Amino acid sequence: MATRLPTVDAEAALGGGCGGVPRGTARERRRAMRKRLPGWFRTSLPTGAAQIRYNETRSNVHEHGLHTVCEEARCPNVHDCWGRGTATFMVAGEVCTRGCRFCAVGTVKTPPPLDADEPTELAEAVERMGLSHAVITVVNRDDLPDGGASHYRDCIVAVNQRSPEVGLELLCSDLDGDLEALAMLLDGLPLRVFAHNVECVPRLDALVRDPRASFKQSLRILTEARRLRPDIRIKSSIMVGLGESDEEVTEAMGMLYEAGVEMVTLGQYLQPGDRHLPVERFPEPRQFAEWDRKARDMGFKAVASGPLVRSSYRAGLLWEEAKGGEPVLTEGQTS
């Protein structure tokens, strides 16, 4: 009688073969290594009026051919935000000239030409949605002489001309460090908030970000924005879970504050796909609460620190907090 060999499930098979070497394709091995989300990442779908507003917002965005960070970056808060009838718009296309290892947005060396109708389309969508605070973010356009600054400016101006009552926030690229382009962009621009994200702690730049980006270059942009426009709020964001220590996060926040940043958000990095950087750890909500406390002790005027927080998380409420309003998140909240 033939000997019956033991069987193993697929997950165990991927864990190692002879000598502990993982089997399966490279993609299967990457999938097997992905960490499970902790329980505090559970979110609820909108119902009732919130569901209706979510559907209306989604239809509006797609009808106008616009790109949103909510979809392109696979934000976990898309139902929360769109259920409130708001969205963060991404301009200058749906692909980026940079290849950061954390980002879900596609990368190409030479993107399609800018859409001359985009400022008008964006202004129409913001007007239709009845927003009180809109975030306009951008892809990197290193293929353009000014890094896309003039197009970003056209989009902001178009929205303001059509809906002057809407508060505007620009989440900008680093413009490849071009301070002249930054000055042209910000000159008299009708903004409430200028935001630019450092993304990670300085030590992890080479691992996480495209070689053309760095914490140092991002600080230069933020510092110069503060100098050029002392009348508006300056904002930045840090992702955690990429291999940094708790102390490095605190140090990075201190560097941001010294650069003139007044609003800061901290959130958990989530791996968009199998080819992106894996999550190294999931800090617990109490650690986010501790970073919140430290940021406020430093003097930041507005802080959103939590696992599900993203740079544009409840942006209008965060701006109100910077003016003296209630905190967007209270200590220990996860959403």
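Buried here means under 20% relative accessible area, exposed means over 50%, and partly exposed is in between, with a 1.4 Å probe and protein chains only. By that scale Pro190 is partly exposed, at 29% relative accessible area.

Some background first. This is a predicted model, where local features need pLDDT of at least 70 and side-chain atom pairs count only at pLDDT 80 or more, while totals for chains, interfaces and linings use all residues. Residues are numbered from 1 along each chain as its sequence is written, and side-chain values use heavy atoms, with hydrogens and water left out.

Back to Pro190. Pro190 sits in the loop between H8 and strand S7 (193-195); helices (H or I, at least four residues) and strands (E, at least two) are DSSP runs, numbered from the N terminus. Setting aside neighbours within four places in sequence, Pro190 is in contact (heavy atoms within 4.5 Å) with Ile156, Asn160 and Leu168. Its C-alpha is 7.1 Å from that of Val157, at a separation of 33 residues in sequence.

Next, the helix pair. The axes of H7 (residues 149-162) and H8 (residues 179-186) come within 9 Å and cross at roughly 15 degrees, the axes being lines fitted to C-alpha atoms over the stretch in contact, with angles from 0 to 180 degrees between N-to-C directions. H7 is therefore roughly parallel to H8, a term for angles under 35 degrees. Ala149, Ser150, Tyr152 and Arg153 in H7 meet Ala181, Met184, Leu185 and Leu186 in H8.

Last, Thr137, in strand S5 (residues 133-138). Thr137 counts as buried because its relative accessibility is 5%. A polar atom of the Thr137 side chain lies 3.1 Å from the backbone oxygen of Leu171.

Note on methods: Polar contact = N/O pair within 3.5 Å; in protein donor to acceptor, adjacent residues only side chain to side chain. Parallel < 35°, antiparallel > 145°, perpendicular 65-115°, else oblique.
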